[in-house]
Each structure stands twice: as structure tokens, then as C-alpha cells.
Amino acid sequence: MFNLPNKITLSRIALIPVFMVIMLVPFQWGAVSFGSESIPVTHLIGALLFIFASVTDWVDGYYARKLNLVTNFGKFLDPLADKLLVSSALIILVHYHLAPAWMAIVIISREFAVTGLRLVLAGTGEVVAANMLGKVKTWAQIIAISALLLHNLPFELVSFPFGSLALWVAVFFTVVSGWDYFAKNWDALKTSN
């Protein structure tokens, strides 16, 4: 159960409180300037930590497949780690007025709904692994959140709202992939006790 990929996933979960402390505790570490734009050092460190934790999602999946260490525990834990990381980052973005609250609510609600679906189906012995649409959704969210945590730098230098546009794309894939999960598993959900 605690093989290398699952340990990597658990380390990603362990990084979430560190990320939150760096982003939310009012450390006075100054700011870093990029042209006429600047970003607090804590936000830069937090963004890099978020990106690092997100990249480990690919690393644990790679090793799970390469070393033939795919487990039901890993299939459950990996998407859970993604949801916890993304949800905490979205709440922080809303806190700093870097993302609209309604978009965060849509994304987090979908994550809770799909997690509930997985738990119900797990009770019937069925484990729902992430599909390709779910993976596209996750990476769309990670790209959008990373851009917003970085205060849309370097795109802010050319007045291009990449982070905001990326968040719209992430919301689109969030809704579509959520619909897909429920549509594909509706019959199994109806027959579960």
C-alpha cells in the first residue's frame, strides 16, 4: 500500500499545509519586481511550491505505471491529493481577490460531488480511476491556478489576462468532466445500496 508512488502522493498532501502557511501567514519578506509589476515573495514561493506539488502528480503516476505499482489505494489517493491541493489554492486565490468566488465554488463543488460518487461506488467494490477528461481538467486547473498565484506574471507585462482566461477554461473542463463522470456511472450509482 505504501509503495513509492503512494509515498509521493502522500508527500504532495503533506505540502498543502506548508503552502497554506506561506500564502496566508503575513510574513514580511518583501516583493520581487518584474518590469513595472511586482509580486510578494511569499506569493512567489507559494506559487512555486504549488507548481512543484502539482508536478509530483505526473511523477507518481509515471512510477506507478512504470514499476507496475498501480493500486486501488493509489487510484483513490491520487485524485484526492489533487482535489485538496486545488481546493486550498482556490480558497487562497479568493481570499486575495485573485479569482472570483463563484468559479472556486463551481470547481470545489464538482470535486466534492465526484468524490462522493467515488465513495458510493467504492462501497459496491468499484474503484473509479481518473479518466483522460478528468486529467485534462486537473491540468487546466493547475495551469490557471499557477498563473493566478503568480499574479499573471509575465503575462501582466503585456496586459494579457492569461490567468483569468485559463480559469474560464478550467471551469469549462471541470463542469464537462463532472458531467461525464456522472453520466458514465449513473447506472452503477442507481443500483448501489
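Among contacts (heavy atoms within 4.5 Å) between residues at least 6 apart in sequence, 77% join residues at least 24 apart. This is a predicted model, where local features need pLDDT of at least 70, side-chain atom pairs count only at pLDDT 80 or more, and totals for chains, interfaces and linings use all residues. Residues are numbered from 1 along each chain as its sequence is written, and side-chain values use heavy atoms, with hydrogens and water left out.

Now the overall layout. The chain has six helices and two strands. Helices are DSSP runs of H or I with at least four residues, strands are E runs with at least two, and both are numbered from the N terminus. Along the sequence the pattern reads α-β-β-α-α-α-α-α. The C-alpha atoms fill a box of roughly 60 × 35 × 30 Å along the principal axes. Of the 193 residues, 42% are buried, meaning under 20% relative accessible area with a 1.4 Å probe, counting protein chains only.

Start with helix H1. It covers residues 4-24. Its 21 residues reach 31 Å from first C-alpha to last, close to the expected 30 Å; that expectation is 1.5 Å times one less than the number of residues. At its start, a side-chain oxygen of Asn3 comes to within 3.0 Å of the backbone nitrogen of Asn6.

Which residues of H1 are buried? Among them are Arg12, Ile16, Phe19 and Met23. An α-helix has 3.6 residues a turn, so residues three or four places apart point the same way. The buried residues of H1 pack against helix H2 (41-66), helix H3 (72-95) and helix H5 (132-149).

Terms used: Buried < 20%, exposed > 50% of the residue type's maximum accessible area, 1.4 Å probe, protein only. Polar contact = N/O pair within 3.5 Å; in protein donor to acceptor, adjacent residues only side chain to side chain.
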